[in-house]
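Take a walk through this structure with the sequence at hand. We will go one region at a time.

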Amino acid sequence: MATSVRRAVLTLPAAPLGPENPLPALSALDETHTVDERARRGMPRDMARQVGYAPLRTVLPVRILDGYGRERTPADLDALVLENDRLRVTVLPGLGGRVHSLHHKPTGRELVYRNPVLQPACFALNGAWFSGGIEWNIGATGHTTLSCAPVHAAVVPAPDGGEMLRLWEWERLRDLPFQVDLWLPEDSDFLYVGVRIRNPHERTAPVYWWSNIAVEEDERTRVLAPATEAWHFGYERDLRRVPVPEVAGTDVTYPPRSVFPADYFYEVPAGERKWIASLDGDGQGLVQTSTDALRGRKLFVWGAGRGGRRWQRWLTEPGTPGYAEIQAGLARTQLEHVPLEGGGEFSWLEAYGPLAADPGAVHGADWGAARAEVADRLEAALPRADVDAAYEAWLSCADVRPGERLATGSGWGALEVLRAGHKLPGTPFDEDTLGDEQAPWVELLTNGALPAPGGDAAPGPTLVARHWRDMLETAPADPHTEYHLGVAQWHAGDLAQAVRSWERGLEPASSRWPLLRCLAVADRLGGHRERAADRYAEAFDALCAERAADGGDCGDGGDEARTALCAALGREAVTALLAAGRTAEARAVQDRLPPGVRERGAFVLAEARLLAAEGRKAEARALFDAGFEVADLREGAETLNDLWAELTDDPLPDAYEYRMRP
């Protein structure tokens, strides 16, 4: 059959994403993949330089996604299906362009781990993320903020004259456009993926990319790559060079044999072909290879410990197979960012397909023989020269303008093109994609003033790039503009000036809570606990007063946006008041939250902390005994362990064990 691209609907049990958190993400990035200065001493120079290059401080201008729960109901998801007579590829354009399924027709095998549910969890840089398939991680260390966001999609001509699916978007953490082109050459067992990241600015930009492939694991599954060493990173935040395949007597290339979750970044020699494969006990599975620009390869294992097993169940449902992740990136490790000069671009080609190798060689004791077997079988199935040739052929199609749009992403790229007139052939960010969130910024761009939201609506997202900050500094200095200016200054690291902007806007402000909350965060992060508690309490009171004046209250719960705002501010206020030892005031805030909010797992946990602070440990323990789930528990968090240890010396029940380190 000829290669085709068509629309489809995928129905999965899904937990709705819920509304965005309306509060700007001012707090420092909670990213587990960080190392201290001492760890750099044994690194190669380029690696040490890139580990220290342009780390992300916050996820501004992106908002946090924490409004999801754990209740799943059948949901229809828009899908795009790319198909030839050998492969069927299902892509979810509304969820970061994730490849949900890579089905090999002749064998009936699913080549990637296909999650049977859509369950968000707090693994992305901005919160909501889900497991399975192949995801495209761009931005900064961690899972992309586009994990659960829509991207643009359209059909373009493929290099061989067939059809190719193009995905593209504007990545906002680094202000860079990118594209992902997927096509299936006729009669090919391999999915080809061309990727391009462009820097349309004059300044150099830090770039991060990792293609993340989920693969099923069992005791007989082995992950192979052309390396004899790897950089091990565990959740103790320690990066060290280790031999492959055995580390401390354990063959870590079999994912279930590890105890704790860990990353293994393979040290692939410069001249070696870049590939990684996951093969089962019969020597069959998936192989990924690429042109040399995509130099890094990684294995992530959940391990066999209680925490790793618990996380796997958390991300899917009981009775489903376990999975590991094999990945490919621009650098050796995910702790690095690579500089891209102004006006420059990075591009490469990846290929994904089935591989069958001799199981005796794959699972033999000789690691060199196992690697050689996979490398030889890969070369026979897809020669390295063919991948290089396909890349060159793809480059001639990379600038072709897409035809009919099959899916629409955000309007942020269109806003940047409108502002700067960027010429980006192949990835049009058309003005018809501008929406309500971009409208105030179009007004600022064209008329020099930022309009305030109507009624009692919360401020919209803040743009923080230097050019937008400059415009905010010259706009009329009303409280709403001072609020956004302060957020932009905070993002730039000018913390003192941000505080001055918020204080300047506070006195004449009719809506005081947005500015008070920003000042409270500044106080909290500056170590001023009492003042932070004061301002949080005042901000929450001000929000409730506004709601009362509008004929409702913070406990109304009838409006999703209002409820999300009340929950977000109340959660922060309770935490700050408890940190200051002001338990009675924290209790007062908790009790004013809508009943539906207080029933959520995160707020049941807050209730348990409150009870413990009030000396009512038996009642706090009873909440654990009754059972609750914190839907947005952060990757690597040990909050449940710590609170349990305050309440009892009993072993922590499995239901609350998410520890990812010894």
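This is a predicted model: local features need pLDDT of at least 70, side-chain atom pairs count only at pLDDT 80 or more; totals for chains, interfaces and linings use all residues.

The crossing of α13 and α16 is left-handed.

Now look at the residues that meet there. From α13 come Ala-567, Arg-571, Val-574, Thr-575 and Leu-578. From α16 come Ala-602, Phe-603, Arg-609, Leu-610 and Ala-613. Sorted by class, this contact has seven nonpolar residues, one polar residue and two charged ones.

Next come the strands. Strands of a sheet pair through backbone hydrogen bonds, and the pairing can be parallel or antiparallel. Find the open sheet built from nine strands. Its order is β15-β21-β22-β26-β12-β11-β10-β9-β27, and the pairing is antiparallel. Which strands stand at the edges? They are β15 (222-224) and β27 (405-407). Each has a single partner strand, so one side of each is left without a neighbour in the sheet. On average, neighbouring strands of this sheet are turned by 20° against each other, direction ignored.

Strand β21 spans residues 274-279, and strand β22 spans residues 284-290. Six bridges join β21 to β22, and the two run antiparallel. Ser-278 has Leu-286 in β22 as its bridge partner. A helix also lies across part of the sheet. Helix α4 (residues 367-381) lies across β15, β21, β22 and β26. Its direction is at about 75° to β15.

Move to strand β3, residues 87-92. Is β3 mostly covered or mostly open? Mostly covered: five of its six residues are buried. Strand β3 pairs with strand β2 (residues 73-83) in the antiparallel sense, over four bridges. Leu-82 stands opposite Val-89 in β3. A hairpin of three residues joins β2 to β3.

Strand β3 also pairs with strand β4, residues 98-104. These two run antiparallel and are joined by six bridges. Here Leu-92 stands opposite Arg-98 in β4. The hairpin of β3 and β4 has five residues between the strands. In that hairpin, Gly-96 takes a positive phi near 70°.

Stay in the loop between β3 and β4, where Pro-93 has its place. Is Pro-93 buried or exposed? Its relative accessible area is 5%. Buried means under 20%, so Pro-93 is buried. What does Pro-93 touch, leaving aside its neighbours within four places in sequence? Its contacts are Asp-78, Ala-79, Leu-80, Ala-149, Pro-150, Val-151, Ala-153 and Ala-407. Thr-408 is 315 residues from Pro-93 along the chain, yet their C-alpha atoms are separated by 8.2 Å.

Helix α8 covers residues 466-474. Which of the residues of α8 are buried? They are His-467, Trp-468, Arg-469, Met-471 and Leu-472. These buried residues pack against three helices: α6 (412-420), α7 (439-447) and α9 (479-491).

Conventions: Residues are numbered from 1 along each chain as its sequence is written. Side-chain values use heavy atoms; hydrogens and water are left out. Buried means under 20% relative accessible area, exposed over 50%, partly exposed in between (1.4 Å probe, protein chains only). Two strands pair if DSSP finds at least two bridges between them. A crossing is left-handed if the near helix is turned anticlockwise from the far one by less than a right angle, and right-handed if clockwise. Contact means heavy atoms within 4.5 Å. Ala, Val, Leu, Ile, Met, Phe, Trp, Tyr, Cys and Pro count as nonpolar, Asp, Glu, Lys and Arg as charged, and the others, Gly among them, as polar. Axes are lines fitted to C-alpha atoms, for helices over the stretch in contact, and angles run from 0 to 180 degrees between N-to-C directions.
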